[in-house]
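Here are a few exercises to work through with the model open beside you. Try each task before you read its solution.

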Amino acid sequence: MLKRTILCGALGAALLAGPALAQATFPDRPVRLVTPYPPGGATSLHAAIITTVAEPFIGQPMISILRAGGGGVVGATEVARAQADGYTLLLGDPTINSLRPQVENLPFKAEDFIPVARINFAPVVFVAAANAPFTDLAGMIAHARANPDRIVYSSDNVNGLTFTAFEMLKAGANIRMRGVDFGGGGPAMNALLGGNTMAYAGLPAVVGEHIEAGKVKPICVTDVARLARFPNVPTCAEAGQPVQWLFWLGIMAPKGTPQDRIEKLSEGFAKMAQDPGFLTLIGRINSGIQFLDHKAFAEAFEKEKAELRTLYANLRNR
Amino acid sequence: MIENLIIGFGVILNPASLLAALAGLVAGIVVGAIPGLTATMAVAILSPFTFFMRPEVGIPFLLAVFKAAIYAGSIPAITIATPGTAAAAATAIDGNALARAGQARRALEMSLYASVAADLMATIGLILLATWLASVALAFGPPEMVMLYLIALLTIGSVAGRSPAKAALSAGVGLLIASIGLDPMSGQTRFTFGSYELSGGIAFIPLLIGLFALAEVFTEAAARPPEPAAVNAIRPGEAALKLAEFLRVTPTIGRSTLIGFGVGVLPGIGAEIACWLSYGLAKRLSKEPELYGRGSLEGVAAAESGNNGACPGDLIPMMVFGIPGDTVTAVLLGAFMAQGLTPGPLLFQKHAALVYGFFAVLIVANVMLLALGLGAIRIARLITRIPRSALSPLVVAVALVGAYAVNSALLDVWIAIAGGVAGYVMRRLGIPIPPMVIAMLVAPGLENALRQSLLLSTDGLAIFVTRPVSGVMVAIVAAALAAMTWAAFRRRAA
């Protein structure tokens, strides 16, 4: 009898507490992670791994949604306009989140997103075609000076990763080279390997194998330190031009998402970033983890926005 | 080479790998046969599951999904005129005409046999020539791609119908529709009227579903009900495809496979364009060109061997250079990388046994696909036995859900409906639909390649004739145009 009473009491309490608990627990249904690019690129690869691994760390399954279009604009706009409840997140990067919304007229603004967690951070590597008439940065700059607009390089799209890297180099060295837009890393690399263009700048994950195979010549790395994988490739500063351009992938939430949910997600991703299984998968796609929680990421994001704004103003005044 | 392949078979002839391939084929057939679910989506959704499998199990699974999904796109194209994938659009024309004449079984079987034969030949090409072809393909820069796209545009002449003016109108509208969205170079919006959804462009598959499937239903609804006799003509127990009928089209299958394989090897262009190139050429060379569009088995064979021939070719740039030619292979690239097999110049040296194991899987999966395909046909044929009055509403439902599924976007449903209305009006006015489809397929690539060429060039259009390969292709395009013009004048004089 006593047992039954206790049981009933407990059940009753549980039933009463149920709805209250459900409201307090976030997340209580699957979380969508939107990739604003087509499948196959660095972003969708990371999204696939994150959504596969994340469930135990954030408490609900994560679903990867690929919403390509407009160079990332369609997917980012969708997240910016989604309900700010923490259930729709964007896998963002510096071009779609800080550079382009500041310098182009897009349907969303840089301030429409709150940083949740930075996943990783990588420089780009300038490379030259195997048959290019230069093998280092000094040679490339000298060649460009002697032959203005005759160096043709593979670019991606206006204000994209590669585009910006070359604009920085051209502005810094005060040289002229012509970029041909190929829309993304794959086709751009293709044109370089086929000898149709003379140079390219891309993420280590994209150019690494080709450097190792000797199919392209590494020129310099856009970071303050050399890459562990290529200790012989100088930084651009060492090679004579202090180009610094780092590309991150990070989780962004729409503006207005409650602070406690941002914190909860940030904590979950922090734990995920230390998981051996997750690190193994990330290592396999030639990537690494440089995690920042929501506070540190937000600071870095603000700083980067200001830097890119200044840089862009300088580029335009040139 | 042969030793490598034997080692490869050794790697995959185990229950786990074979079962994975079988499961992949079944999944691929199901997904491919549902309009709106594409091979890319299937591979993208299923690839995370393979991350924790061993490579000799996970990759065969995904390769099987890819292969089967491309084949299965022809099933709804034939049975309900709804191309399950963009690559099956050409199949829908003759395949569905045959199905309406009560010969769905022959059309479905021809599609299966042609697909499997083409895939097998192209796989052998892949094994023998992968590395060499990959370097040849690299020589295809933007100027050469421009010429290839122009050749693809020339196939419009084969599907133009009676009035060249109407065909030109259709193609022109197609080119305009393809220019909606973001400018590929400057990122400026074009014809979007401020709508951010349109900045991604008009989604192709929803429009295709409208132009083919919904237009068919609208036309039917507007027509007078068929005579009872005509309904009875479509009866169960139809004839199977005869061996002689298959043998008669083997030259077409061989030629189309070659076209498909060649197009597949080139980056950025694949099965969607290969099927039209082979279909157009097959019609030009056919002894019975008048049957095309009204139920030609040869047309089905040409389109299907063209698009399946492109599949193994697609894998070449991805595996040899680590550069995917289209979105499916881009997803496959991710799956390879997650297994620690980074595609690229070093893949064949570091992991030769596994790579040849994957080649072996492609061969084995082909044989399995033949058996599974025959099973799928038995089920698919049931669809054609449903009375039209009940089938048409079903087609509308499937078409609209399919249009939505492609991007999970409501706009795409409206695009499909608009496509249906446009398709209906075009049919009433005798304006052929295929020129519009070909133009839409070719336009984005053509525009990109043309503008890239002109950026590369230091003296304008000269780049097209000063590069040897491009120069030869200019001559081919000019000769083909001259021959077509000459033929047209002779017809008029006669």
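Two residues are in contact if their C-beta atoms, placed from the backbone, lie within 7 Å. This is a predicted model, in which local features need pLDDT of at least 70, side-chain atom pairs count only at pLDDT 80 or more, and totals for chains, interfaces and linings use all residues. Residues are numbered from 1 along each chain as its sequence is written, and chains are lettered from A and ligands numbered from 1 in the order in which they are written.

**Exercise 1.** Find which residues A:Ile211 touches, not counting residues up to four places away in sequence.

Solution. Start by locating A:Ile211 in helix H9 (residues 204–212) of chain A; helices (H or I, at least four residues) and strands (E, at least two) are DSSP runs, numbered from the N terminus. Next, list its contacts beyond four places in sequence: A:Val127, A:Val216, A:Pro218 and A:Phe230. Then look at A:Ala128, which is 83 residues from A:Ile211 in sequence and 9.8 Å from it in space, C-alpha to C-alpha.

Is A:Ile211 buried, exposed or partly exposed? A residue is buried if 20 or more other C-beta atoms lie within 10 Å of its own, exposed if 12 or fewer, and partly exposed in between, with C-beta atoms placed from the backbone. A:Ile211 is partly exposed because it has 17 other C-beta atoms within 10 Å.

**Exercise 2.** Check the span of helix H7 (residues 161–173) of chain A.

Solution. The expected span of a helix is 1.5 Å times one less than its number of residues. Now see what is covered: the buried residues of H7(A) include A:Leu161, A:Phe166, A:Met168 and A:Leu169. Finally, step just past H7(A), where A:Asn174 takes a positive phi of about 55°.

**Exercise 3.** Find the strand to which S4 (residues 113–123) of chain A is joined, and its direction.

Solution. S4(A) is mostly covered, with 8 of its 11 residues buried. Its partner is strand S10 (residues 246–254) of chain A; the two run antiparallel and are joined by 9 bridges. Two strands pair if DSSP finds at least two bridges between them. Within this pairing, A:Pro115 stands opposite A:Met252 of S10(A).

**Exercise 4.** Describe how domain 1 of chain A touches domain 2 of chain A.

Solution. Take the bounds first: domain 1 covers 29–121 + 247–317 and domain 2 covers 125–239, as given by an automatic or database domain assignment. Their centres, taken over C-alpha atoms, are separated by 26 Å. Across the boundary, 15 residues of domain 1 are in contact with 14 residues of domain 2. On the domain 1 side, helix H5 (94–103) and helix H13 (294–317) of chain A each supply at least two residues. The largest share, 4 residues, comes from H5(A).

**Exercise 5.** Work out which helix of chain B gives the most to the side that touches chain A.

Solution. The contact takes 40 residues from chain B and 40 residues from chain A. Helices H3 (39–50), H16 (327–338) and H21 (434–456) of chain B each give two or more residues to the chain B side. H16(B) gives the most, with 7 residues.
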